[in-house]
Amino acid sequence: MERVTKMISERPVVIFSKSSCCMSHTIKTLFCDFGVNPAVYELDEISRGREIEQALSRLGSSPSVPTVFIGGELVGGANQVMSLHLNRSLIPMLKKAGALWV
C-alpha cells in the first residue's frame, strides 16, 4: 500500500492500467486528448503489478483497472471518469490539480 501511495503522489494524474484493457486505453486517450500527461502504470508489465492491483482493490477500486487518481485522490474507473467528463466536472478537477493550465 505504501508503494501505491508514493506512486499516486508523484504526478497530478495517475492511471493504473493494463495494456490489454480497452477501457484503460480509452481513458488514457481521453486524458492525452485533453493535453494531460498522466503517469501510467501498466500493471501487467511492471514488477509487483499484481500486488498493486490488490492494493487498489483494497482502496475501493472495482474493477481494478483502469483506476484514476487526480490530485492524489481516487476518482475511480472508466465509469466515474466518463461521468465527470459528461457533467463537465473533469476539466475543472484537472485544472485544480495542476494537470491543465488552459
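So, which way is the crossing of H2 and H4, left-handed or right-handed? It's left-handed, meaning the near helix is turned anticlockwise from the far one by less than a right angle.

Quick caveats. This is a predicted model, where local features need pLDDT of at least 70, side-chain atom pairs count only at pLDDT 80 or more, and totals for chains, interfaces and linings use all residues. Residues are numbered from 1 along each chain as its sequence is written, and side-chain values use heavy atoms, with hydrogens and water left out.

Back to the helices. The axes of H2, residues 22–34, and H4, residues 78–86, come within 10 Å and cross at roughly 35 degrees. Those axes are lines fitted to C-alpha atoms over the stretch in contact, with angles from 0 to 180 degrees between N-to-C directions. Helices here are DSSP runs of H or I with at least four residues, strands are E runs of at least two, and both are numbered from the N terminus.

Who makes the contact, that is, heavy atoms within 4.5 Å? From H2 we have Met23, Ile27, Leu30, Phe31 and Phe34, and from H4 Ala78, Val81, Met82 and His85.

Now strand S3, residues 67–70. Thr67 and Phe69 point one way, Val68 and Ile70 the other, and all are buried, as in under 20% relative accessible area with a 1.4 Å probe, protein chains only.

S3 runs antiparallel to S1, residues 13–17, through four bridges; pairing takes at least two DSSP bridges. Val14 has Phe69 as its bridge partner. S3 also runs antiparallel to S4, residues 73–76, with three bridges, and Ile70 sits opposite Glu73. The S3–S4 hairpin has two residues between the strands, and Gly71 in the turn has a positive phi of about 60 degrees.

Technical notes: Contact means heavy atoms within 4.5 Å. Buried means under 20% relative accessible area, exposed over 50%, partly exposed in between (1.4 Å probe, protein chains only).
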